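The following exercises concern one protein chain and its ligand. Please examine the sequence and the structure before working through the solutions.

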Amino acid sequence: MEKIIELKNVTKRFGGITALNKASLHVEQGEVVGLIGDNGAGKSTLIKTLVGVYGPDEGEIIINGKKVINWNALKARESGIETVFQDRALCPQQSIVWNIFMGKELKYPFGFVREKEQINEANRLIREIGFTSKLIDAESPVGNLSGGERQGVAIARAIYNNAELIILDEPTNALSLNETQKVFDFVRNVKKSNRSVLFIGHNIYHVYDISDRFVILDRGEVVHQIDKKDIATPEELMKIMKQTVEVN
Ligand SMILES: Nc1ncnc2c1ncn2[C@@H]1O[C@H](COP(=O)(O)OP(=O)(O)OP(=O)(O)O)[C@@H](O)[C@H]1O
Ligand SMILES: [Mg+2]
């Protein structure tokens, strides 16, 4: 499979703290990668480097096989990398369609918004990623949605923005089991459309179900990478994680 993005030996320091130490990570097309590690392991720093918020002190960023220079947030978005942060990014008073098109409305030459088209497209998007409730459509206010469904709206927006890689930073942290399953269904549909997902969490049980491959970060270093097919249970993954952390 094709690597759509790769970080090679990336180091990032904050003053005296080395948040990332020669960390390498890649994501292939159509793959769900689970990035796991304890608090302070460097997960958010790795993501922020990937999406161009931070420039690495050392190391390379490779997009579709080409090394990029002066990587930044704009280039990351242009390359189809979208991040879904928990809730924060949505406006609950507004409708689903408003939230999906926010800042990127479809317009007529005179500047009027093509509302009907937006509604149709938003309905198509939310069905595509797996909204099944008959009570919800593009014009429903986001404030009426559950936590899992809100993640779904954010994912739909990422897809509308041509995301090839969607990064979910601890998307299931505040969610019930039921809502977590909903988010997993959305992620499965994203994968079906041959897009990729980088799923961040420190709850292994959340990350386990949905991921094809796991990358374990510990104190800024990628200490282990393992395919789901090579482990039988989340307990086994937990064991591997504990062992690697103890050895280091
Ligand atoms: N902007 C910053 N300035 C200084 N230190 C930072 C900054 N961001 C992160 N760090 C430090 O870098 C290390 C890695 O932090 P990071 O937030 O990437 O971890 P994390 O794995 O996302 O943790 P969590 O699970 O708590 O979100 C920590 O020691 C943290 O204190
Ligand atoms: Mg973090």
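## Exercise 1: The shell around the ligand

Helix H1 contributes three residues to the shell around ligand 1, the largest share. The model is a predicted one, in which local features need pLDDT of at least 70, side-chain atom pairs count only at pLDDT 80 or more, and totals for chains, interfaces and linings use all residues. Residues are numbered from 1 along each chain as its sequence is written, while chains are lettered from A and ligands numbered from 1 in the order in which they are written.

**Task.** Determine which residues surround ligand 1 and how they divide into nonpolar, polar and charged.

**Solution.** 
Step 1. A residue is near a molecule if its C-beta atom, placed from the backbone, lies within 6 Å of it. The residues surrounding ligand 1 are Phe 14, Ile 17, Ala 19, Gly 37, Asn 39, Gly 40, Ala 41, Gly 42, Lys 43, Ser 44, Thr 45 and His 202.
Step 2. Two or more of these residues come from each of S2 and helix H1 (43–50). Helices (H or I, at least four residues) and strands (E, at least two) are DSSP runs, numbered from the N terminus.
Step 3. Ala, Val, Leu, Ile, Met, Phe, Trp, Tyr, Cys and Pro count as nonpolar, Asp, Glu, Lys and Arg as charged, and the others, Gly among them, as polar. The shell accordingly holds four nonpolar, seven polar and one charged residue.
Step 4. Six of the eight residues of H1 are buried, namely Lys 43, Thr 45, Leu 46, Ile 47, Thr 49 and Leu 50. A residue is buried if 20 or more other C-beta atoms lie within 10 Å of its own, exposed if 12 or fewer, and partly exposed in between, with C-beta atoms placed from the backbone.
Step 5. Just after H1, Gly 52 has a positive phi of about 80°.

## Exercise 2: The enclosed strand

**Task.** Explain why strand S3 is described as largely enclosed, and identify the strands with which S3 pairs.

**Solution.** 
Step 1. Five of the five residues of S3 (residues 32–36) are buried, so the rest of the structure largely encloses this strand.
Step 2. On one side of S3 lie Val 32, Gly 34 and Ile 36, on the other Val 33 and Leu 35, and all are buried.
Step 3. Strands pair if DSSP finds at least two bridges between them. S3 pairs with S8 (residues 196–201) in the parallel sense over five bridges, and Ile 36 has Gly 201 as its bridge partner there.
Step 4. S3 also pairs in the parallel sense with S9 (residues 213–218), over four bridges; in S9, Val 215 stands opposite Leu 35.

## Exercise 3: The nonpolar core

**Task.** Identify which members of the largest nonpolar core touch the most other members.

**Solution.** 
Step 1. A nonpolar core is a set of buried Ala, Val, Leu, Ile, Met, Phe, Trp, Tyr and Cys residues joined through C-beta atoms within 7 Å.
Step 2. The largest core has 67 residues, of which Ile 155, Ile 166 and Phe 199 touch the most other members. Helix H5 (residues 147–160) gives this core its largest share, six residues.
Step 3. Not counting residues up to four places away in sequence, Phe 199 touches residues including Val 32, Val 33, Gly 34 and Leu 35.

Technical notes:
Contact = placed C-beta atoms within 7 Å.
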